[in-house]
Amino acid sequence: MSVLVLVDYNGDSLDEGSLSAITAALQIDSEVDLLIAGENIRGLAEATAKIKGVHKVLLADSPVYAHALAENIAPLVVKLAGSYQAVVASANSNGKNIAPRVAALLDSQQISEIITVVSPDTFRRPIYAGNAIATVQSADEKKVITVRATAFEKAAAEGGDAPIEAVDATEDAGLSRFVSVDLQQSGRADLSTAPIVVSGGRALGSPEKFHALIEGFADRVHAAVGASRAAVDAEYAPNDCQVGQTGKIVAPEVYIAVGISGAIQHLAGMKDSRKIAAINIDPEAPIFQIADIGLVGDLFEVMPELIEKF
Amino acid sequence: MKVIVPVKRVIDYNLRPRVKTDGSGIDLSNLKMSLNPFDEIAVEEAVRMKEKGIVKEIILVSVGVAKAQDQLRTGMAIGADRSILIETDENVEPLHVAKLLKAVVDQEKPDLVIAGKQAIDDDSNQTGQMLAALLGWSQGCFASKLTVADNKIEVTREIDGGLETISLNLPAVVTSDLRLNEPRFVSLPNIIKARKKPIETKKPEDFGVDITPRLKTLKVEEPPVRQAGEKVESVEEFAAKLKEWGVVA
């Protein structure tokens, strides 16, 4: 019995979280098939066929699958799931939207955001905002699993030569319709995958200061920009910059937290970073308890000085 | 229209949970429990729709221990009309909650279900999607804006990279994200009023739903502890360290 991975993409490029999901799938079983669904995505299917270790690529090319509506994609996955022991997806916004719908239709209790494959039926996953790690064993015949991207290496994008098999499209469920999308065009590195992240908190005080001091420094060192929930709520930064339990989970090489106290919900999103640096005016801020290096100081004085040093 | 809002009793979000030393789970004894923050947002949204005249009745449903009554009272103090508590001491999983909610939906026939996007204890983010699947309804997950018009609901969703708007046929299931609204503080008169609102108590068996867990928790452990590093005195030292780590212009 093999594993089916639902591959996600943004525009013309594969979602990097899907490459991590493939690595997790290969730890469950050596035979891993990919499903890629969308409209006019032959080129993407060819790219996925080159991913190392892939057995077969199933291509569902139809207008029905444009915009990844869960009501349309879930029946397709369920139709194909028959011969697989597990269905795996990245725990990104599409995976979180679609996978539970698939799981319920298969009468399976999904296992969300796994960080370790212990065995084909046993997995580790964080609970309580990352304050505990649970090891769970699934009794379901078919596992439905989402994978935390930062916990698994990405599968190599080259080195494979899998056959591509077109699959028939299911009907339009007719329940929902795409209206519009508003993507933040920053031109910066992607927050989820960038090796360096510079994050700002409420202490920045205004969108102007956030732009000058956080984005200014991030651009200087080619980093992605993150923000605490407080900074997003205060509209210093857009929603999709939020790092935390309820935003994005990141684990860059270097995470630089500026004016962020380090609430539980924020730490859940970044405490697996390789190195953490923190600047805060409060020496008692919880962020210093996990930072590898800390600087106690007024960010309005420190940041302009720091920017000059790079 | 009629709205159902599922709500969950969870550890208060300000508290740091402790893992039991025997690794069997989380020690919740004597900890403050609250309404799951995303569910509070869901209730608030339903109440705002009622205040605009779009919604006639709001029913809360909770699956859990008898004490979940406290959280149902909180939701009714925000403005929900009545509650159903499906009482069990079992640890219920999202699939089972979705099945129980489906049974309630079949009985109450609401036009809309507004759930929270995830509970802050199990962090699953599944129940709303599973309910939509079991009902064969449309779903609008991670909503930051809802607009009802002409038997449809337009949902603006928070997705990776920005916002997406979709239009759903009603009935539908939507799940609330943080920025859907800011829940109100409940006033004392409303807390008192909520005491008089009805809570109907049921059991999972009443709906014929088997809630035997599918996932067995073998172990719960503390995450690896990070050691606090050093504090430096100057921006020079701080910058030098960052450069050592590979942060360069």
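In helix 2 of chain B, which covers residues 69–78, the buried residues are B:Gln71, B:Leu72, B:Gly75, B:Met76, B:Ala77 and B:Ile78. Keep in mind as you look that this is a predicted model. Just after helix 2 of chain B comes B:Gly79, with a positive phi of about 145 degrees.

Now zoom out to the whole of chain B. Its secondary structure comes to six helices and 15 strands, and its C-alpha trace spans about 65 × 45 × 40 Å along the principal axes. Of the 249 residues in chain B, 54% count as buried. If you take the contacts in chain B with a separation of 6 or more, 71% of them are between residues 24 or more positions apart.

Let's turn to chain A. Chain A is divided into domain 1, residues 3–166, and domain 2, residues 196–309. The contact between the two takes six residues from domain 1 of chain A and seven residues from domain 2 of chain A. The centres of these domains, taken over C-alpha atoms, are 31 Å apart. Domain 1 and domain 2 of chain A bury about 550 Å² between them, with 55% of it on carbon and sulfur atoms. On the side of domain 1 of chain A, A:Ala129, A:Arg148 and A:Thr150 supply 74% of the area buried against domain 2 of chain A, more than any other three residues. What holds charges across this boundary? The rule finds zero salt bridges between domain 1 and domain 2 of chain A, while one residue pair is in polar contact there. The side of domain 1 of chain A that touches domain 2 of chain A has one nonpolar, three polar and two charged residues. 

Next, follow chain A to where it meets chain B. This contact takes 88 residues from chain A and 81 residues from chain B. The area buried between chain A and chain B is about 7,100 Å², and carbon and sulfur atoms give 56% of it. A:Gln109, A:Tyr128 and A:Ile293 supply 11% of the area that chain A buries against chain B, more than any other three residues. How many salt bridges does the rule find across the interface of chain A and chain B? There are seven. The interface of chain A and chain B also has 49 residue pairs in polar contact. By class, the side of chain A that touches chain B has 41 nonpolar, 26 polar and 21 charged residues.

A:Asp140 forms a salt bridge with B:Arg214, the closest N and O atoms being 2.6 Å apart. A:Asp140 lies in the loop between strand 10 and strand 11 of chain A, and B:Arg214 in the loop between strand 13 and strand 14 of chain B, so the pair joins two chains.

Another bridge between the chains joins the side chains of A:Asp233 and B:Arg179, at 3.3 Å from N to O. Here A:Asp233 sits in helix 6 of chain A, and B:Arg179 in the loop between strand 12 and helix 5 of chain B. A:Asp233 counts as partly exposed at 40% relative accessibility, whereas B:Arg179 counts as buried at 18%.

A further pair is A:Lys309 with B:Glu236, whose closest N and O atoms are 3.3 Å apart. A:Lys309 also touches B:Ala239, as do A:Leu306 and A:Phe310. B:Ala239 is found in helix 6 of chain B, residues 235–244, and counts as buried at 2% relative accessibility.

A search of the whole structure finds 36 salt bridges over all chains. One within chain A is the pair A:Asp219 and A:Arg188, at 2.5 Å from N to O. This pair links distant parts of the chain, with A:Asp219 in helix 5 of chain A and A:Arg188 in the loop between strand 13 and strand 14 of chain A, 31 residues apart. A:Asp219 is partly exposed at 42%, and A:Arg188 counts as partly exposed at 24%.

Our last stop is A:Gln265, in helix 7 of chain A, residues 264–267. A:Gln265 is buried, with a relative accessible area of 16%. A polar contact of 3.1 Å joins its side chain to that of A:Thr246. Its other contacts, leaving aside neighbours within four places in sequence, include A:Arg229, A:Gln242 and A:Val243.

Terms used:
Residues are numbered from 1 along each chain as its sequence is written. Chains are lettered from A and ligands numbered from 1 in the order in which they are written. This is a predicted model: local features need pLDDT of at least 70, side-chain atom pairs count only at pLDDT 80 or more; totals for chains, interfaces and linings use all residues. Side-chain values use heavy atoms; hydrogens and water are left out. Domain bounds come from an automatic or database domain assignment. Contact means heavy atoms within 4.5 Å. Buried area is the accessible area (1.4 Å probe) that two parts lose on being put together, summed over both. A salt bridge is a side-chain nitrogen of Lys or Arg within 4 Å of a carboxyl oxygen of Asp or Glu. A polar contact is a pair of N or O atoms within 3.5 Å; within protein, one must be able to donate a hydrogen and the other to accept it, and residues adjacent in sequence count only if both atoms are side-chain atoms. Ala, Val, Leu, Ile, Met, Phe, Trp, Tyr, Cys and Pro count as nonpolar, Asp, Glu, Lys and Arg as charged, and the others, Gly among them, as polar. Helices (H or I, at least four residues) and strands (E, at least two) are DSSP runs, numbered from the N terminus. Buried means under 20% relative accessible area, exposed over 50%, partly exposed in between (1.4 Å probe, protein chains only).
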